[in-house]
Amino acid sequence: MNMISHIDFAKASFKEFENIADLDMMDTARYFDEYIGYMKENEHLNFRFVTQGCGPTTIVSSPFLSKPAECISMVSNDYLNFSQHPKVKAAAIAGIEQYGTGAGASPLIGGHHAYHVALEQKLCKFFNRPEGSSLVFTTGYTANSSSLLSLLKQEDCAIVDMEVHASVYEGLLNTNVKRFPHNSMIHLERALAEASNKFRTRLVIIDGVYSQNGDIARMDEIHELTRKYGAYLMVDDAHGIGVVGENGRGAIELYNLLDKVDIIAGTLSKAFGHIGGFIISTPEIINYLRYQSRQQVFSSTSTPASFGLLKAIDLIDEEPHWRKQLADNVAYFKSGLLSLGADIGTSDSPIIPIKIGDPIRTAQVSRMLLQSGVYANCIVYPGVAKKDARIRTSLMATHTREHLDKVLNVLEDISKKVSLKKSR
């Protein structure tokens with residue numbers, strides 16, 4: 001390899017390897033592999049795998065451990081632990097027994113089965129929308145990316161909160177994009193005013209609950225500004241639906257906007273405990289996406305195990321005590337973290353960051369947690385800005401107080417060796 005570039009591995013992040021001007025793709029991959037080797041040697045690489053299903057504890061294998069070990073899991077987005085609910089598993093098994101293990105084709109050429117129809121109808125009822133208002137995708141990622149690629153073109157403009165999910169940005173590759181600082185109404189209004197007479201469609205895109213900070217969008221103000229300037233509003237509430245709101249309808253329910261948001265995007269892989277995504281909108285938009293979204297046209301769709309989702313959605317209303325238990329856990333754990341002096345930002349959800357800032361120190365804390373029996377993710381760029389590294393914790397309804405106390409005690413011990421304070 002004719003190496004021209006030189007990157008200081010000690011100060012680097014994944015960002016430096018995204019586009020190295022003087023290296024082709026093979027040389028870039030080889031150079032990146034050297035960096036990964038450096039990260040492994042210095043015990044900074046945040047990669048490990050689990051050997052059992054989602055739950056408040058799991059078995060973790062990692063180079064940082066001499067052998068697989070049981071750890072308290074703080075990494076799962078299976079917030080209500082419905083992936084392990086006996087009724088959900090029984091429904092999934094029944095679906096497989098009736099239909100087999102695969103859909104067999106893309107939706108438009110024979111892969112749209114009765115269970116897909118039932119799931120879309122149930123989602124319409126869940127959000128109190130008319131029949132034909134929902135469309136199911138294979139993943140939440142493609143629900144965003146494929147829909148936006150279909151809806152927004154060169155004549156249009158997306159106005160997005162800077163902290164929306166990566167899947168949104170991928171869906172905006174063929175259109176104009178204006179980004180505004182997170183939850184900043186001043187900058188949002190400025191962007192709306194600038195775009196009002198320049199573009200055919202103006203679509204404001206936000207998250208309901210933000211995936212790294214765990215905070216909630218200022219949706220009432222955002223909706224008001226969107227309408228003031230004649231734009232549309234899309235809310236990706238992947239981390240809110242099923243968890244947040246009086247009836248578990250998500251952050252949008254908190255603001256009483258369920259019938260006013262133009263496009264709701266969601267996932268089936270978090271509170272509902274399976275895999276997949278969906279779009280809720282007008283029947284006309286849904287019909288357009290059904291025939292124009294490339295993921296719908298060219299990719300096979302969800303499997304018969306989706307029968308489990310039909311039960312999981314029902315359980316949001318049938319067993320609300322899971323949401324109450326989760327909320328109690330969130331309040332207890334946040335209080336404990338604050339007593340340790342941790343910077344948890346403005347989290348108002350089961351996603352609670354411990355903001356440290358320095359990526360090397362954050363990786364060190366993550367490793368020490370794992371070696372003490374706590375599995376929590378070290379989040380660095382590109383998940384967050386380069387100087388905003390954090391330990392990201394996700395709580396579940398099935399965590400016990402004993403689990404949470406152990407995590408807090410381990411963090412207290414670590415803080416005596418490595419500062420949990422965010423570097424400024």
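**Exercise 1. A surface patch**

Which residues form a nonpolar patch on the surface, and what is their accessible area together?

*Solution.* The model is a predicted one, in which local features need pLDDT of at least 70 and side-chain atom pairs count only at pLDDT 80 or more, while totals for chains, interfaces and linings use all residues. Residues are numbered from 1 along each chain as its sequence is written, and side-chain values use heavy atoms, with hydrogens and water left out.

Step 1. Patches consist of residues with over 30% relative accessible area and no salt bridge; like charges are joined within 9 Å, and nonpolar side chains (Val, Leu, Ile, Met, Phe, Trp, Tyr) within 5 Å. Accessible areas come from the Shrake-Rupley method with a 1.4 Å probe, and for residues only the protein chains shown count as cover.

Step 2. The patch is formed by Leu-108, Ile-109 and Tyr-291, with about 330 Å² of accessible area together.

Step 3. Ile-109 is located in the loop between helix H2 (86-99) and helix H3 (114-126); helices (H or I, at least four residues) and strands (E, at least two) are DSSP runs, numbered from the N terminus. The relative accessible area of Ile-109 is 66%, so this residue is exposed, given that buried means under 20%, exposed over 50%, and partly exposed in between (1.4 Å probe, protein chains only).

**Exercise 2. Cavity and pocket**

*Solution.* Step 1. On a 1 Å grid over the protein atoms alone, a cavity is a set of points where a 1.4 Å probe fits but cannot get out, whereas a pocket is an open set with protein on both sides within 12 Å along at least five of seven lines; lining residues have an atom within 4 Å of a point. Grid points are joined across faces, edges and corners, and a volume is the space filled by probe spheres set on the points.

Step 1. The structure contains 1 cavity of 30 Å³ or more, and the volume of the largest cavity is about 30 Å³. Its lining comprises Ser-147, Leu-148, Leu-151, Met-234, Ile-263, Ile-279 and Leu-289. Helix H4 (residues 140-151) contributes the most to this lining, with 3 residues.

Step 2. By class, the cavity lining has 6 nonpolar, 1 polar and no charged residues. Here Ala, Val, Leu, Ile, Met, Phe, Trp, Tyr, Cys and Pro count as nonpolar, Asp, Glu, Lys and Arg as charged, and the others, Gly among them, as polar.

Step 3. The largest pocket holds about 1,200 Å³ of space. It is lined by 43 residues, of which Ala-166, Ser-211, Gln-212, Pro-382 and Gly-383 are the closest to its centre. H4 gives the most to the lining of the largest pocket, with 4 residues, and this lining divides into 17 nonpolar, 15 polar and 11 charged residues.

**Exercise 3. Salt bridges**

How many salt bridges does the structure hold?

*Solution.* Step 1. There are 16 salt bridges, each a side-chain nitrogen of Lys or Arg within 4 Å of a carboxyl oxygen of Asp or Glu.

Step 1. Arg-30 and Asp-27 meet through their side chains at 2.8 Å, N to O. Both residues lie in helix H1 (residues 25-41), 3 residues apart, about one turn of the helix. Arg-30 is partly exposed at 44% relative accessible area, whereas Asp-27 is buried at 15%.

Step 2. Asp-317 and Arg-249 form a salt bridge of 2.7 Å, N to O. Asp-317 lies in helix H11 (residues 307-318) and Arg-249 in the loop between strand S8 (232-236) and helix H8 (251-254), so the pair ties together parts that are 68 residues apart in sequence. Asp-317 is partly exposed at 43% relative accessibility, and Arg-249 is buried at 11%.

Step 3. Asp-388 and Arg-390 are joined by a salt bridge of 2.7 Å, N to O, and both are buried. Salt bridges with shared partners also link Glu-155, Asp-156 and Arg-200 into one network.
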